Amino acid sequence: MAANGGSLERRGSMRRSGSKVKEEPAAADHAAEEHASGPSDIEVIKEKFGKLLLGEDMSGSGKGVPSALALSNAVTNLAAAVFGEQRKLEPMAPDRKARWKKEVGWLLSVADQIVEFVAKKQVLDNGVEMEVMGTQQRRDLQSNIPALRKIDAMLLDYLDGFKDRTDFWYVKRDSCSDAEKEESTEKWWIPIVKVPPNGLAPASRGWIQHQKELVNQVLKAAMAINANCLMEMAIPESYLESLPKNGRASLGDALYRIITDVEFDPDDFLSTVDLTSEHKILDLKDRIEASVIIWNRKVHNKDGKSSWGSAVSQEKREQFEERAQTLLLIIKHRYPGIPQSSLDIAKIQENRDVGFALLESYSRVLESLAFNVMSRIEDVIVADNVAREKAKKDAPAGSSSEPAPQKVPDGPDSMTLLDFMGWNGDSEGRPDDQSPSAVDPAQDDGRLMKLPNIMTNLFMKTTQ
């Protein structure tokens, strides 16, 4: 019996091993199918959050970057991979759009775990009401993350609105004349936009202009959130140690005399400075930001030096600081596409607040996308203006003038940022039936449209 039992056991084990051998081809086919279709979401999540936990140090030796910087880099790299190929006014490719929505949602899920303690009322079983401490998502994240998500959705919807547009199109640079290539040498990587010989139709021209206004509102909202977040970040000590000893040394004698003159005009100041290149604009912004911090620290006596015997009074320093802040605001909104300043880079690299890192990086990439969409819309407007001017020159004398632009009909695409996000103009003292563009005709001059207050983490102690 024992022998028979042993033979049965051996036969049973052979049958089990045989069944495993038969199942191996099916498992291999399944693995090959997964490899052909790409990694699963679980594998991508493991890889992304594994790199975040390692601080981008694949050796695991603990020499990686802080969690806040790793998360900021992850958002930036994802946006570069997804939006880097968006060079035309057309809907985003479905695979890239799906990847962006999915992976940015994973990264933003970290914000759900950032909480703060708040007092809450709790009623016990016996009817007694008592106050207990509970947790809720930090208020700056609770306010700004949904706003940025809506801005994100609006930008993607605006791109979808350019589907099947036949009033303008793109051609490769190789198929264009030398004159057309020379006109767009600054954007050599962008395809050249083409319009009909007589320009856009009045309805198309009005629709394009309306899209520019909508994207401009979204751009300013993203810029406002990003600026508020950077302002809340502490100034690193390494940056403070690299500052010159005074504002004159930072600005230079010529600019210092202009900004400290009794009669000061920001436009006159900027007209005297060479702003012909991106590098020169960034250099001016760096010097003005440095002077602002120097004057601020001297006003609040944070540099450890006494103000006695100084040639500049405290009131004058405050006035100079306000003037410099005005210049920074004008530069930021007149040149929204310039790279980050030395101060911004230092703050992002030294920041340890994960919530700030998420808000700053997410708003920055959305600001960049909105600016790129604005640039592509302006390319169409410029091409339309060139075609119309050429058509006027070629037209015979006494020809009829072109018709007036038609009003853009109301529809889903005409929804403004304030309508989409549920903001109204009551706090501004405007009637509800007036649009921002009708009330404030100076929006195209680079000034920031006033938006409702944006919540920031006021409980974080920052270094001025």
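In which strand is the place of Gln 136? Gln 136 lies in strand E2. This is a predicted model, in which local features need pLDDT of at least 70 and side-chain atom pairs count only at pLDDT 80 or more, while totals for chains, interfaces and linings use all residues. Residues are numbered from 1 along each chain as its sequence is written, and side-chain values use heavy atoms, with hydrogens and water left out.

**Figure 1. Overview of the chain.** The secondary structure comprises 17 helices and four strands; helices (H or I, at least four residues) and strands (E, at least two) are DSSP runs, numbered from the N terminus. Of the 464 residues, 39% are buried. Buried means under 20% relative accessible area, exposed over 50%, and partly exposed in between (1.4 Å probe, protein chains only). The accessible surface of the chain is about 27300 Å², and carbon and sulfur atoms account for 53% of this surface. Accessible areas come from the Shrake-Rupley method with a 1.4 Å probe; for residues, only the protein chains shown count as cover. Among contacts (heavy atoms within 4.5 Å) between residues at least 6 apart in sequence, 75% join residues at least 24 apart.

**Figure 2. Gln 136 and its contacts.** Gln 136, in strand E2, is partly exposed at 27% relative accessibility. With neighbours within four places in sequence set aside, Gln 136 is in contact with Ile 114, Val 115, Glu 116, Val 118 and Gln 142. Gln 136 and Ile 114 are 22 residues apart along the chain, and their C-alpha atoms are separated by 8.3 Å.

**Figure 3. A nonpolar surface patch that includes Met 130.** Leu 124, Val 128 and Met 130 form the patch, and together they have about 220 Å² of accessible area. Patches are made of residues with over 30% relative accessible area and no salt bridge; like charges are joined within 9 Å, and nonpolar side chains (Val, Leu, Ile, Met, Phe, Trp, Tyr) within 5 Å. Met 130 belongs to strand E2 (residues 129-137). Its relative accessibility is 36%, so Met 130 counts as partly exposed.

**Figure 4. The salt bridge between Glu 47 and Lys 51.** A salt bridge is a side-chain nitrogen of Lys or Arg within 4 Å of a carboxyl oxygen of Asp or Glu. By this rule the count is 21 salt bridges. In the pair shown, the closest N and O atoms of Glu 47 and Lys 51 are 3.3 Å apart. Both residues lie in helix H2 (residues 41-54), and the spacing of four residues is about one turn of the helix. Glu 47 is partly exposed, with a relative accessible area of 46%, and Lys 51 is also partly exposed, at 37%.

Figure 5. Arg 248 pairs with Asp 253 in a salt bridge, with 3.5 Å between the closest N and O atoms. Arg 248 is partly exposed at 38% relative accessibility, as is Asp 253 at 43%. The side chains of Arg 334 and Asp 267 meet in a salt bridge with an N to O distance of 3.3 Å. This pair links distant parts of the chain, 67 residues apart: Arg 334 is in helix H13 (residues 314-334) and Asp 267 is in helix H11 (residues 266-271). Arg 334 is partly exposed, with a relative accessible area of 38%, and Asp 267 is partly exposed at 44%. In one network, Lys 48, Arg 99 and Glu 103 are joined by salt bridges that share partners.

**Figure 6. The largest pocket.** The volume of the largest pocket is about 1200 Å³. Its lining consists of 37 residues, and those nearest its centre are Gly 337, Ile 338, Ser 368, Phe 371 and Asn 372. Two or more lining residues come from each of helix H3 (67-83), helix H7 (202-232), helix H12 (278-299), H13 and helix H15 (354-394). H15 gives the largest share of the lining, 10 residues. On a 1 Å grid over the protein atoms alone, a pocket is an open set of points where a 1.4 Å probe fits, with protein on both sides within 12 Å along at least five of seven lines; lining residues have an atom within 4 Å of a point. Grid points are joined across faces, edges and corners, and a volume is the space filled by probe spheres set on the points.

Figure 7. Glu 56, a residue other than glycine, has a positive phi near 65°. Glu 56 lies in the loop between H2 and H3 and is partly exposed, with a relative accessible area of 38%. For Asp 164, phi is near 60°, again a positive value in a residue other than glycine. Asp 164 lies in the loop between helix H5 (139-160) and strand E3 (169-171). With a relative accessible area of 66%, Asp 164 is exposed.
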